[in-house]
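Dear colleague,

Please find below the structure that I am handing over to you. My notes on what was found in it follow directly after.

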Amino acid sequence: MRLSDQQIAAFHERGVLALPAMFSPDEVDAIVDRLPRLFAERVPSNFREKSSDVVRTAMGLHLRDELFARLVRDPRLVVPAQQLLGDDELYVQQVKVNAKQAFTGEQWQWHYDFATHHHEDGVPDPLALNVHIFLDEVTEFNGPLVFVPGSHLDGPAPTALDIVSTSYPLWTVGPEVVGPLVERGGLDCPKGPAGTVLIFGDSLVHGSPSNMSPWDRRIFSLILNPVSNRQTTFGRPDHQHHRDFSPVVPLDGPFWPVVDAPEPVRRWIAVAPDTPVA
Ligand code: SIN
Ligand code: MN
């Protein structure tokens with residue numbers, strides 16, 4: 001999967017790119033089948049909602065399940081990211097499913113990811129890409145992500161740490177900043193069937209409302225960051241920012257079904273959660 005020049009230009013202008021029908025319903029089912037076991041685990045990498053015991057985000061999945069170890073190497077995720085960054089040496093920074101479950105899934109405040117990557121992990125520049133796969137149909141009802149197109153163009157906006165609104169500490173962007181950015185760029189709310197891919201940049205402002213609907217809105221998220229831009233401080237646990245900085249090598253074909261003995265996959269699942277920095 002290679003992006004066209006037009007798609008690359010649109011990404012740089014808007015900060016977000018949607019790629020419909022990238023994963024088949026069977027592939028999405030294979031991913032979703034793994035979630036009940038992973039969500040049931042009582043581990044620090046499963047964050048629960050503030051107001052309930054329901055899983056909000058399940059992290060470190062490529063170290064917890066072999067299917068995810070292959071998924072993070074799927075060429076449909078890795079190759080477009082390499083193209084957009086003009087860099088083949090990207091490491092797997094974070095791997096999660098944001099659950100946003102029916103009736104209980106809570107908001108993600110206005111933010112951009114680089115604020116957390118920079119303040120918490122000492123990432124130097126806003127280069128990382130967040131690559132999503134919709135695991136359910138995303139509609140206006142079930143807590144879709146909302147982006148401020150072009151909000152990355154002036155560089156990272158001012159932020160403040162919010163440890164109150166939700167269970168997940170987040171460096172957020174206040175209304176006084178979001179308002180003018182929206183006036184200039186409007187809002188974009190990409191929706192679509194399961195299997196859609198979204199790619200967005202590290203300083204693009206986004207958020208999502210709570211899910212009041214009876215439909216889950218589960219999204220797989222892979223953050224890829226250039227090895228040359230790796231984290232420089234190590235206060236957060238490995239599942240929030242992985243410390244294996246070896247470049248991810250795309251598989252020759254799709255992540256599933258597994259047709260050959262996945263020897264290289266072992267590299268990903270063999271890494272202990274708190275492997276010292278190489
Ligand atoms: C969401 O899952 O709605 C937000 C995820 C993100 O901010 O990356
Ligand atoms: Mn985010």
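Is Ser213 buried or exposed? Ser213 has a relative accessible area of 5%, and because the limit for a buried residue is under 20%, Ser213 counts as buried. Please bear in mind throughout that this is a predicted model.

**The surroundings of Ser213**

Ser213 belongs to the loop that runs between strand 11 and strand 12, the latter covering residues 219–226. Beyond its neighbours within four places in sequence, Ser213 is in contact with Ala102, Phe103, Phe141 and Asn142. For one of these residues, Phe141, the C-alpha atom is 6.0 Å from that of Ser213, although the two residues are 72 residues apart along the chain. Two polar interactions of the Ser213 side chain may also be noted. The side chain of Asn211 makes a polar contact of 2.8 Å with the side chain of Ser213, and a polar atom of the Ser213 side chain lies 3.0 Å from the backbone nitrogen of Trp215.

His111 is buried, with a relative accessibility of 5%. His206 is likewise buried, at a relative accessible area of 3%.

Arg76 is part of helix 5. With a relative accessible area of 15%, Arg76 counts as buried. Where does the charged side chain of Arg76 find partners? One is Asp74, with which Arg76 forms a salt bridge whose closest N and O atoms are 2.8 Å apart; both Arg76 and Asp74 are buried. Another is Glu27, whose side chain makes a polar contact of 2.6 Å with the side chain of Arg76. The Arg76 side chain also reaches the backbone oxygen of Met22, at 2.9 Å. Leaving out residues up to four places away in sequence, Arg76 touches Met1, Met22, Phe23, Glu27, Pro254 and Phe255.

Glu27 leads on to helix 2 (residues 25–33), in which Glu27, Val28, Ala30, Ile31 and Val32 are buried. The cover over the buried residues of helix 2 includes helix 3, helix 4 (66–71), helix 5 (75–85) and strand 6 (129–134).

**Other salt bridges**

How many salt bridges does the model contain? The count comes to 13. Among them is the bridge between the side chains of Arg42 and Asp53, at 2.4 Å from N to O. Arg42 is in the loop between helix 3 (35–40) and strand 2 (46–48), and Asp53 is in the loop between strand 2 and strand 3 (55–59), so this pair ties together parts that are 11 residues apart in sequence. Arg42 is exposed, with a relative accessible area of 60%, whereas Asp53 is partly exposed at 45%.

A further salt bridge joins Arg184 to Asp154, with 2.9 Å between the closest N and O atoms. Because Arg184 lies in helix 7 (residues 175–185) and Asp154 in the loop between strand 7 (146–147) and strand 8, the pair ties together parts that are 30 residues apart in sequence. Arg184 has a relative accessible area of 48% and is partly exposed, while Asp154, at 57%, is exposed.

**A nonpolar surface patch**

Strand 8 (residues 160–162) contains Leu161. Together with Ile163 and Val164, Leu161 forms a nonpolar patch on the surface, and the three residues have about 300 Å² of accessible area together. Leu161 itself is partly exposed, with a relative accessible area of 42%.

With kind regards

Technical notes. Residues are numbered from 1 along each chain as its sequence is written. Chains are lettered from A and ligands numbered from 1 in the order in which they are written. This is a predicted model: local features need pLDDT of at least 70, side-chain atom pairs count only at pLDDT 80 or more; totals for chains, interfaces and linings use all residues. Side-chain values use heavy atoms; hydrogens and water are left out. Buried means under 20% relative accessible area, exposed over 50%, partly exposed in between (1.4 Å probe, protein chains only). Helices (H or I, at least four residues) and strands (E, at least two) are DSSP runs, numbered from the N terminus. Contact means heavy atoms within 4.5 Å. A polar contact is a pair of N or O atoms within 3.5 Å; within protein, one must be able to donate a hydrogen and the other to accept it, and residues adjacent in sequence count only if both atoms are side-chain atoms. Patches are made of residues with over 30% relative accessible area and no salt bridge: like charges are joined within 9 Å, nonpolar side chains (Val, Leu, Ile, Met, Phe, Trp, Tyr) within 5 Å. Accessible areas come from the Shrake-Rupley method with a 1.4 Å probe; for residues, only the protein chains shown count as cover. A salt bridge is a side-chain nitrogen of Lys or Arg within 4 Å of a carboxyl oxygen of Asp or Glu.
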